[in-house]
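Hi,

Here is the structure I promised to pass on.

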Amino acid sequence: MSYLEHFGLSEQPFRLTPDPEFLYWSMQHARAKAYMESTIWLADGFVVITGDIGSGKTTLLQSFLDELEDDVVYAVISQTQLSATQFLQAVLTEFGFKPFEKRKVELLDILNSFLIEQYSNGKKVVLIVDEAQNLSTKVLEEIRLLSGIETHKEKVLRIILAGQPELKDALDAPNMKQLLQRVRLRFHLGPLALADINQYITHRMAVAGCSNHNVFGEDCFEIIHNYSGGIPRLVNTLCDTALLVAFADDKKMLGADDIIAAVEELGWKEYESDTGTFTRLDNVALRHANARHITQIEIMAEGESVSVQSFGPGRVIIGRSPDNEICIKSKFVSRHHAQLISNEDEGCVVEDLNSTNGVFIAERQVKKQRLQDGDVIALGAHDLIYTDLRNTAEDADRERDDGEEAEEGEDYEDA
């Protein structure tokens, strides 16, 4: 009997090669894909997705490509250790040209003409660069210039850069300010949370044909998380090894001892003690939780309040699908309908994400508008009432500071 037959599998559940069919849609993977999809809705779409090795970036890109409509033309560049001229040649080759033995100025002319032609034919052109952390400064500058190609109406090239965390560091360098200003959305794919590990493993086993949802016992998941750090590729390696260990012992169900045996076979240490990743993520989460809220949205349906949510500075996506921060389940609301962008200095801006039914304020359809306190945003049959919390937050901060000063004064008097 083979390994697959033993566990009732039709294929390997934990292969390391990217396969969109096996992709587990954690909240953050769904969010990253929504950002990639935004490049299609927005004419000036420029998105950067970063993540650790094995976090699922390439699989996510493949899933995105599999769902593109016929009106989208795309090029995918995965070999990124190139000069600026070689990079342009690689892009044109992906678009069907034979651009070799051409000078750089000729390459740019060919690409510019191609983009304008596709725009005239109603096509949207997307350039996707995987492993973008390896791009040189000169190539990144070339990408910035390409992102500026436009007709008299709009930009004609959408861009997605995906890479390891080093890409984020490269873009944050002082000499990359001009490029960074072009980037519309950035997202970092972190590791899977402990709560996701069970669902991730169960999902992959089910896709591989397993009808028994209890192959991995409940005592397995925390150990898997501790030793993989929640990195999908490492989860796959550990689970595959654990299944082989159980198969060798003629066991149909896995427990903590099988995971530990697999860890010993691999020679792994606990991920936290080896890298400090968990501690770093906890600090980030704590800072996020402590960020003061400056935007409040009250959702109304048929004149009744459904929910009230508040947010700190940053971007909030509104739509029908569950991966949005504000989820409105209505046939009149698009999957990703609109976004709110809030900051401390200027308050909040609402922007339509090419929705089917539009965004309305005071019965006037808007594409992008800065909100005033009390504005009502109409999305289909729902109203969203905006409250500017910036003054409230400042008052709360002031009261807290006054309270702390008073307490210090009392301590001094007691002394």
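Let me start with a pair of helices. Helix 11 passes helix 12 in a right-handed crossing. Their axes come within 8 Å and cross at roughly 110°, so helix 11 and helix 12 are roughly perpendicular to each other. Before you go further, please keep in mind that this is a predicted model.

On the helix 11 side of that contact you'll find Thr237, Leu238, Thr241, Ala242, Val245 and Ala246. They meet Asp258, Ile259, Ala261, Ala262, Val263, Glu265 and Leu266 of helix 12. Sorted by class, that contact has nine nonpolar, two polar and two charged residues.

The loop between helix 11 and helix 12 holds Asp250. Its phi is near 60°, a positive value in a residue other than glycine. I flag that because most residues other than glycine have a negative phi. Is Asp250 buried or exposed? With a relative accessible area of 61%, Asp250 counts as exposed, because the cut-off for that is over 50%.

Helix 11 (residues 232–248) has another partner in helix 9 (residues 194–207): the two pack at an angle of about 60°, with their axes 12 Å apart. This crossing of helix 9 and helix 11 is right-handed too. Helix 9 brings Ile197, Tyr200, Ile201, Arg204 and Met205 to the contact, and helix 11 brings Pro232, Val235, Asn236, Cys239 and Leu243. By class, the contact of helix 9 with helix 11 comes to eight nonpolar, one polar and one charged residues.

Now to the overall picture. The chain has 15 helices and 16 strands, and buried residues make up 46% of its 415 residues. If you look at contacts between residues at least 6 apart in sequence, 63% of them join residues at least 24 apart.

In what order do its five strands sit? The order is 2-3-4-1-5, in an open sheet with parallel pairing. Strand 2 (72–77) and strand 5 (185–189) are at the edges with a single partner strand each, so one side of each has no neighbour in the sheet. From one strand to the next, the twist averages 15°. As for the pairing of strand 1 (residues 46–51) with strand 5, five bridges join these parallel strands.

Helix 4 (residues 84–94) lies across strand 2 and strand 3 (124–129), and runs at about 140° to strand 2. Helix 3 (residues 57–66) is mostly covered, with seven of its 10 residues buried. Those are Lys57, Thr59, Leu60, Leu61, Ser63, Phe64 and Leu65. What do the buried residues of helix 3 pack against? Their neighbours are helix 2 (27–41) along with strand 1, strand 2, strand 3, strand 4 (158–163) and strand 5.

Further along there is a hairpin. Strand 6 (residues 295–301) and strand 7 (residues 304–311) pair in the antiparallel sense over seven bridges, and Glu298 has Val308 in strand 7 as its bridge partner. Two residues lie between the strands of this hairpin, where Glu302 takes a positive phi near 55°.

Another positive phi turns up at Glu363, near 65°, again in a residue other than glycine. Glu363 is in the loop between strand 12 (359–361) and strand 13 (364–366). Its relative accessible area is 80%, so Glu363 is exposed.

Is Asp375 buried or exposed? Its relative accessibility is 17%, and because buried means under 20%, Asp375 counts as buried. Leaving out residues up to four places away in sequence, Asp375 touches Ile361, Arg370, Leu384, Ile385 and Tyr386. Of these, Ile385 is 10 residues from Asp375 along the chain, and the C-alpha atoms of the two are separated by 5.9 Å.

Cheers

Key. Residues numbered from 1 in each chain as written. Predicted model: local features only at pLDDT ≥ 70, side-chain atom pairs only at ≥ 80, totals over all residues. Heavy atoms only, no water. Axes fitted to C-alpha atoms, helices over the stretch in contact; angles between N-to-C directions. Helix = DSSP H or I, 4+ residues; strand = E, 2+ residues; numbered from the N terminus. Left-handed = near helix turned anticlockwise from the far one by under 90°. Contact = heavy atoms within 4.5 Å. Nonpolar A, V, L, I, M, F, W, Y, C, P; charged D, E, K, R; others polar. Parallel < 35°, antiparallel > 145°, perpendicular 65-115°, else oblique. Pairing = 2+ DSSP bridges. Buried < 20%, exposed > 50% of the residue type's maximum accessible area, 1.4 Å probe, protein only.
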